[in-house]
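Here is a short briefing on one protein chain. Please look over the sequence and the model before reading on.

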Amino acid sequence: MAKPTARRRKKQKRGSGPSAGRRRRLSLCMIVRDEAELLPHCLRSVQGVVDEIIIVDTGSIDDTVAIAEAAGAKVLSHAWTGDFAAARNASLAEASGDFVLVLDADEQLTKGAGAAIRRAMRDGGFDCGFLPLHNASSREASHAAVVAGEAAASEVLYLPRLLRKVGDLRYRGIIHESVGQWLKQRGSKPRFVEGADIVHYGYVREVSADKKKRDRNVALLEQACREHPEEVSNHGYLALAFAEEGSFADARARAQEGLRHLGPPTEDSGLDALRLSIALALAQVAERRFDEALEALEVARLHWPQHPDAWFLRATTNLTMAFEAPDAVTRAARIEEALASFSLARRAREGLFVQRFFMGATTHGLWTQVGIAHLAREELSEARVAFEASLETCSGVLPAIGRGYCLAAQGKVAEGRAAIQPHLGPVPDAWVAAALVAEIAGDVEGMKTNLVEASRRAQDGFASPFFRQCFHDASAALGLLIGDHPRVPGPIGALAALLRGEAGVPPARPAPHAMTRRLLQRLVLQGHAERLAQLLSATAEATLPGIARALHEAVASLEQDMRASA
């Protein structure tokens, strides 16, 4: 027999040897506990796809075991020791297939996924297949709706779920267990198995998981960090867990500890660097340490520049800084930087990622924030396009009311009001948007009603700093129109101060041009010409640059309207 070439030896190592002439067998391996509600749906989804089912039960007290056995599964009892990898490995030890499919009880294969998995097994050439996982937004959502994005609760993830069954296959990690070390030792590149879609129906449940489960996970991660401080992934997961529960000081400390163990960028360092830098940046943003947050995100850029979520967080951080900028020049620069980072996140949207950190970071969430950035620059057409792009993939209050405001500001007041009306509820931003539409329409009573409602809800916070600033502007404009003397922050508040005869404090942002011109026109019509003459002074121009030009434009527009109607 001729000696195998290196290429042939490699093929035999990857499974093209003794089993090449037969149908490769597939084992489903699961660990479960009290999953009687969801397990039947999972097992039905794999009928005709897998050759055997191995289920490790870690202490169920419901009908989970009976359901599994009725489906033909081999059920193993495994005492829970607080080690997820140990339970996974117990299932692997009983599997006899050439490949292992790993699912959880709240996951289901979609129609066609089985064929895609079988094709990948037949083609071979990989040890670890990454399958696309889609988080469903509700238990009732169909597979098709979730995969299409219509009923998805997050971005698509690609997870290592199709594993070649070789002797050294093992999970590591007492929590967030993985086969990463095994894959690295094999020296094998993964394969992304398109079409082998998994729908996860437990995402909403996990997001709202009870405190007991979160505390358990944190305790396990703290144990893992103590036992293996050199494993950076544990620090990253723990830092993210702290950030998600609002323990920002703990998140910052844990992320900084993990970064001390993170080496220079390598082929495998990207995900660990992302977890640590994003957790650290989230904590620093919450603590209003924005410049430090941007520095933390540089770590992510160095280790994985193609990942969109780091660019998304960089963009939203810059946008937050823009709304808190000390002057108009800095504000403009921050908005420009935010839009540039959003563009980079959008370019990376077609990538395949094993972890995503933000819902809609390349879809509706991104487009909503892009719309807000354009609104801040009074770029109505661009803002409307962005909000409509957001609404194509997910309904939401901000893009809906943003679009409504754009429609009204572009002359479609009735359409704008209709777009905002369904969202008038607990979020103050919607009431502010309605007040802005009323201002455009010259409806002073409507402004008052909607601003009162916004004020009642403002204590719970605004969804966007843009509408928080608009709340102040609209409140000041309303006060001027009804003869009050409003004292509120912002450029319209500064205008009110000038009309009171005060010097006024120059605002950190320019006055909204369209609103200012309409307000000046209405004040002229109310007979306040003498008061408005104060806006032609050097003091007024220093406080609100361009206010004299705005007044001249307002008067000229009124004169033109009068001539047209004569």
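The points below run from the whole chain to single residues.

This is a predicted model, where local features need pLDDT of at least 70, side-chain atom pairs count only at pLDDT 80 or more, and totals for chains, interfaces and linings use all residues. Residues are numbered from 1 along each chain as its sequence is written, and side-chain values use heavy atoms, with hydrogens and water left out.

**Whole chain**

- The protein chain has 27 helices and nine strands. Helices (H or I, at least four residues) and strands (E, at least two) are DSSP runs, numbered from the N terminus.
- Along the principal axes, the C-alpha atoms fill a box of roughly 105 × 50 × 45 Å.
- Of the 566 residues, 50% count as buried. Buried means under 20% relative accessible area, exposed means over 50%, and partly exposed lies in between (1.4 Å probe, protein chains only).
- Take the contacts between residues at least 6 apart in sequence: 68% of them join residues at least 24 apart. A contact means heavy atoms within 4.5 Å.

**Helix 5 and R118**

- Helix 5 covers residues 113–123, and its buried residues are A113, G114, A116, I117, R118, A120 and M121.
- These buried residues pack against six strands: strand 1 (26–32), strand 4 (99–102), strand 5 (107–109), strand 6 (128–135), strand 7 (157–164) and strand 8 (191–192).
- R118 sits in helix 5. R118 counts as buried because its relative accessibility is 17%.
- Leaving aside neighbours within four places in sequence, R118 is in contact with R23, R24, R25, L26, V49, V50 and D51.
- R118 and V50 are 68 residues apart in sequence, yet their C-alpha atoms are 9.4 Å apart in space.
- Just after helix 5, G124 takes a positive phi of about 65°.

**Helices 12 and 13**

- Two packed helices are described by the angle between their axes and the distance between the axes.
- Helix 12 (residues 270–286) packs on helix 13 (residues 290–303) at an angle of about 170°, with their axes 8 Å apart. Axes are lines fitted to C-alpha atoms, for helices over the stretch in contact, and angles run from 0 to 180 degrees between N-to-C directions.
- Helix 12 is therefore roughly antiparallel to helix 13. Angles over 145 degrees count as roughly antiparallel, under 35 as roughly parallel, 65 to 115 as roughly perpendicular and the rest as oblique.
- Helix 12 makes the contact through G270, A273, L274, S277, I278, L280, A281, Q284 and V285. Helix 13 contributes F290, E292, A293, A296, L297, V299, A300 and H303.
- The residues of this contact divide into 12 nonpolar, four polar and one charged. Ala, Val, Leu, Ile, Met, Phe, Trp, Tyr, Cys and Pro count as nonpolar, Asp, Glu, Lys and Arg as charged, and the others, Gly among them, as polar.

- R314 lies in helix 14 (residues 308–323). With a relative accessible area of 9%, R314 is buried.
- Setting aside neighbours within four places in sequence, R314 is in contact with L294, L297, E298, E337 and S341.
- R384 is in helix 17. Not counting residues up to four places away in sequence, R384 touches C406, L407, Q410 and K412.
- R384 and H303 are 81 residues apart along the chain, and their C-alpha atoms are separated by 35 Å.

**Second largest pocket**

- About 620 Å³ of space lies in the second largest pocket. On a 1 Å grid over the protein atoms alone, a pocket is an open set of points where a 1.4 Å probe fits, with protein on both sides within 12 Å along at least five of seven lines; lining residues have an atom within 4 Å of a point.
- This pocket is lined by 27 residues, and G149, S154, E155, V156 and T363 are the closest to its centre.
- Helix 6 (143–148) and helix 17 (380–393) are the elements that give two or more residues to the lining. Helix 6 gives the most, with three residues.
- The lining divides into 11 nonpolar, 10 polar and six charged residues.

**Positive phi in loops**

- Most residues other than glycine have a negative phi.
- H176 has a positive phi near 50°. H176 lies in the loop between strand 7 and helix 7 (180–186), and is partly exposed at 38% relative accessibility.
- E378 has a positive phi near 60°. E378 lies in the loop between helix 16 (364–376) and helix 17, and is partly exposed, with a relative accessible area of 40%.

Terms used
Grid points are joined across faces, edges and corners, and a volume is the space filled by probe spheres set on the points.
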